[in-house]
Amino acid sequence: MRLIRLPHETDVAGWRDAARAALLVGEPPEALYWVVGDGAAGDLFEGDEAARTPIVAPKVPRAFITLTETVILHRDPGRFALLYRLLWGLQAQPQLLEDASHPDVHEAEQRAKAIRRDIHKMHAFVRFREVEEPEGAIFIAWFEPDNFIVEAAAPFFMRRFTGMRWSILTPDRCAFWDGNSLRFGEGVSRDQAPTEDRLEALWRIYYANIFNPARLKVAAMTREMPRRYWKNLPEAELIGPLIEAAGERAQAMVAAAPTAPSAHAAAEARRRPVAPIVDADPPQTLAEAKAQAVGCRRCPLWEPATQTVFGEGPASARLMMVGEQPGDREDLAGAPFVGPAGKMLDRALAEAGVPRTEVYLTNAVKHFKFEPRGKFRLHKTPDTGEIAACRFWLETELAFVKPQLTVALGASAAQALLGRKVTIGRERGRVTALPNGEALWVTVHPSYLLRLPDEEAKAREYARFVEDLRGAWAWRATK
Amino acid sequence: METVLEKLAILADAAKYDASCASSGAEKRNSMASKAIGSTEGMGICHAYAPDGRCISLLKILLTNYCQFDCHYCVNRVSSNVRRARFSVKEVVDLTLGFYQRNYIEGLFLSSGIIRSPDYTMEQLVRVAESLRREHKFAGYIHLKTIPDADPLLLARAGAVADRLSINVELPREESLARLAPQKNPERIRRAMGGIRLKIEEAKEARKESRHAPRFSTGQSTQMIIGADSTDDLAILGSAANLYGNYKLSRVYYSAFSPIPDASAVLPLMRPPLMREHRLYQADWLMRFYGFAVEEIATGAVGGMLDLGVDPKLAWALQHRECFPVDVNRAAREVLLRVPGFGTKSVKQMLSSRRWRSLRLEDVSRLCRGIKTAMPFIVTADWQPGAAIDRLDLREKVAPQGELFA
C-alpha cells in the first residue's frame, strides 16, 4: 500500500492531483491509504501488487467535481478513499453517479447530504452578538459546525450581512467580513467570543410567547434542532422550563370558564351591527340587481367559483351582448370579457366600428363552471338547468337595460335567450325575434375563433364574426 | 404604557395561532450592491424551533391585537378580555432589523387586528414594510397578512414590497364562518385572492419582458382551522384543492384548533387534534406532489375522515390492493409514487438507478426510508411479496408502531 498525505482537511486540489497521479499509473483503490497532516498512518500492509492498468486520459463528469468539493468537507477520514473508489469506478462506467443505489454512490450522496444540512444548520443557528468598538459596532458569533464547512458557509453571511462588520468564530476556522472582503483564519477557542447581547432578552421573550403550550411536540423540535446545537443558542435555556410548564398551562386554558365579553366589545357590537347577507326584495335598479347577484345561490355553480360576474356597461346601452359564462380570468377579475376571448372580442368590435363603452356586455350564466385538472381549471359548458336558473338575472338585465338589439354570442347564449337549442349556422347574421318580440341577432362566441386549429379557418371565421358585429351595429343604427 | 418587551410578549402570543412560517419562494436577492442587509436565496431557513415543533423563521407578530371583529375561535376577538397592546411602525421596524442582524430570523410576518377601518389597518401594515424596504433597503423576507376589505390600491402597495401575501379563509364552510366569524365575508376573501393571483401573474409576465418592471409578491397562502367546526376532512381537502386550483396558492396551512386564553363560550375547548392536522398535511402533499385527487384520497377515508392510524397513502393502497404489487424495475413514475413508503426523491433515484442495474430489495432499501411498509406492495429482482398483499392482517403488518409523533 502507498500512503498519501494531504496537507489539510479540505484540500480539494491536493486530493485531485494525488488521485490523478494514481490513476495515471493505474493504482487501484485498495493500493492507497489517505491521511491528513501528521495523522497516524495505521498499519500499512504489504499486499501482492495488483496488476496495474495505467489510465491514459482519466475523465470525470462535472457532477463528480461538485460531489468531491462537497464530500471532502466531511469529517469522516474515509472520505478520500471513498472518492477515489468512485473516481476509479467512473473510468469503467462513466454514468456511475446515476446509479443512486450503488453502495459507494449512495454513501457519497449521504455524505454530501450531511454537508448540505450542516451548512444549512450553520446558516440557521449562528447567533451574532453586537460588540461596540471605537470604529463602530461589530457582530461576533461562536459556532461549532459538525464538519469543515466554514469556508463553504461564509459567503452566505457576506451576501446577507453586507452592511455589517462581522466575525464567525469556530474551533476549526474563523471567517471575517469587514464590509469589503471576506477573510479566513485559524480556529480559536470559545472564550474569544462575546457572551451576551442587548437584544437577547427580547429574543427570549419572543421565543417563549410564540410557543403554544397546548401543542407540545418535543420530538419534532429536536429532529430539526438537535440538542448538540443548544449550547450556542441563547433561546435554548428556555426549552426545559417551557416544556415543564406546558401541560399545566394548557389544562388551565381548557379549564378556565369563559368570561363575559368586555364592555368595549359590547360598544363595538352596537356600533357595527353585522350586515344582513341577502336582500330578498326584488331589485329596483340595475345596480341593486348587481349587488344582490353577489350572493346568488340559484344553482350550485357559486360554490367552487370565486364570484358572480355580472354584466357591465351603460344601463342605457342600445346594444346588449350576451356570452356564455365567465372564464378563468373573468372569474378572478369579477368582470365579463377580460380574458383571451374578451381580447378577441375587443379586436373584432374595434374593427367593426362598435365602441365597447356603448355596449352592455353580459353572460347567460354568471358563475364560471369548470373542472379542475391539475393546476388548471378547464371550462365546462353550462347545462340546461344552470342556464335556466340564471335566466332570472339575464331577464333582469334585459328589463333594466331595454336594448334595441340583443346579440347572442354562441349557442349557450342563444339557448338562454330563446329558451330552446339553437344551431348558430342557421340563424346567424340576421335579425330574429326574442319570445317577447324584441330583436335578436345571433353569431358565434369569440372563444370559438380561439379554438379553430388552422390559421386559414381562423382568418375566415374572424372576418365573418366582424361582419356579424358590423351588421348588428348597423341594424341598431336604423332604429 | 407598556415597554417594547411587554408589547412583544402580548403581540407574539397573539400571533402564534397562525401556522404559516414559510420563508421560501421569494425571488433571489442579496445586499452586495446596496451594502445594506438582507437576502433571500430561494430556500427558506428555520432559525429555531419551539417545543411545539413549529419552526421559527420569521418575526411573527401582530401590529396590534385590538380588533373589531368577533371571530369566536380567535384570541384577539373583540369580546375577549386578553391584554391589548399596539406597536408603532418604528418599533416593528427596529425589532425586525435588530433580530435580523443577529441572525435570529429570515424576516417579518406581520399581521394585525382590524382597528378603525380595514383601509387604516392595511395601511399601517404596508407602512412597516415600506419603511423596511425603502428607508432601510432591507432585502429580507416580508410576509404581510392582507385584509380582504382593504382598498385594492393598498393591496398593490403591499404586493410591491412583500414577498408573500396571505388571507386566511379560516373555516372552509360558509355557514361555519357565518356562525363563528360573522364579520368575515367569504365572497370578499375569494375575490381578494382572485385579485392577488391576477396581480402575481401579471407582474411575472411583465418581468419576463423587462427586468425593471415593478415587482409584486411571488406567492400567496391561506390557513384553515381544523376542529373548530364540524367540517370533515374530505370537505377540507376539497376546499384546499379548490383554493390551489383557483388561486395558485403556494400553501394551504391547516391549524388544529387550539385552546386559547379567555375562550369564547361558543366554542368548547379541548386538546387540539394534532394527529388529524398531520394527516391533512400528508393528504395535501399527496395532492400536490403525488398526483392524488381528493376523490382517490376519499377511498381510504371512513365517513369523510382520514384514518388516524395510518397515513393516507397507505390507507388508499390498502383499499386498492388490485393495483399491487408493482415492479420497481418496470413501473412508471406515477405508479411508483403510489407505493406506500416511497417518496418523490426515492422514486427519482430508483428511476435513475434502474437504468444501470436491476434493483434488488437491498438497493431499494438504500433509497427509501419505508422499506418495511413498501415490501408487500413491490416486486424487485430478488423479492416477490407472494400472497402478502391479500393478507387480512396486512394493515397491522405495515402500520407503523408508534409513529414519530407526539
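Me: Is A:D76 buried or exposed?
Reply: Happy to start there, keeping in mind that this is a predicted model. Buried means under 20% relative accessible area. A:D76 has a relative accessible area of 19%, so by that cut-off A:D76 is buried.

Me: Which residue forms a salt bridge with A:D76?
Reply: The closest N and O atoms of this pair are 3.0 Å apart, and the cut-off for a salt bridge is within 4 Å. The partner of A:D76 is A:R111.

Me: How many residues apart in sequence are the parts that A:R111 and A:D76 tie together?
Reply: A:R111 sits in helix α4 of chain A. A:D76, by contrast, is in the loop between α2 (62-71) and α3 of chain A. The pair therefore ties together parts whose separation in sequence is 35 residues.

Me: What does helix α4 of chain A give to the positive patch?
Reply: The patch of positive charge on the surface gathers A:K113, A:R116, A:R117, A:R223, B:K345 and B:R369. Helix α4 covers residues 103-125 of chain A, and A:K113 is one of the residues lying in that helix. Helix α4 gives the most to the patch, with 3 residues.

Me: Which residue meets A:E9 in a salt bridge?
Reply: The two side chains come to 2.7 Å, N to O. The partner of A:E9 is A:R79.

Me: How far apart in sequence are the parts tied together by A:E9 and A:R79?
Reply: A:E9 belongs to the loop between β1 (2-6) and α1 (12-24) of chain A. A:R79 is in helix α3 (residues 79-92) of chain A. The pair therefore ties together parts that are apart in sequence by 70 residues.

Me: Which counts as partly exposed and which is buried, A:E9 or A:R79?
Reply: A:E9 has 30% relative accessibility, so A:E9 counts as partly exposed. A:R79 has a relative accessible area of 1%, so the buried residue is A:R79.

Me: In which helix do A:E467 and A:R470 both lie?
Reply: Their side chains meet in a salt bridge (2.7 Å, N to O). A:E467 counts as partly exposed at 43% relative accessibility, and A:R470 does too, at 35%. The two are 3 residues apart, about one turn of the helix, and that helix is α17 (residues 455-477) of chain A.

Me: What separates the C-alpha atoms of A:R430 and A:D468?
Reply: A:R430 lies in the loop between α15 (424-427) and β13 (431-433) of chain A, and at 42% relative accessibility A:R430 counts as partly exposed. A:R430 and A:D468 are 38 residues apart along the chain. Their C-alpha atoms are separated by 8.2 Å.

Me: What is the radius of gyration of chain A?
Reply: Chain A has 17 helices and 14 strands. The globule rule gives 23 Å for 479 residues, and the value for chain A is well over that, so chain A is more spread out than a compact globule. The radius of gyration is 38 Å.

Conventions:
Residues are numbered from 1 along each chain as its sequence is written. Chains are lettered from A and ligands numbered from 1 in the order in which they are written. This is a predicted model: local features need pLDDT of at least 70, side-chain atom pairs count only at pLDDT 80 or more; totals for chains, interfaces and linings use all residues. Side-chain values use heavy atoms; hydrogens and water are left out. Patches are made of residues with over 30% relative accessible area and no salt bridge: like charges are joined within 9 Å, nonpolar side chains (Val, Leu, Ile, Met, Phe, Trp, Tyr) within 5 Å. Accessible areas come from the Shrake-Rupley method with a 1.4 Å probe; for residues, only the protein chains shown count as cover. Lys and Arg count as positive and Asp and Glu as negative; His and the chain ends are not counted. The place of a charge is taken as NZ of Lys, CZ of Arg, CG of Asp or CD of Glu. Helices (H or I, at least four residues) and strands (E, at least two) are DSSP runs, numbered from the N terminus. The radius of gyration is taken over C-alpha atoms; the globule rule is 2.2 Å times the number of residues to the power 0.38. Buried means under 20% relative accessible area, exposed over 50%, partly exposed in between (1.4 Å probe, protein chains only).
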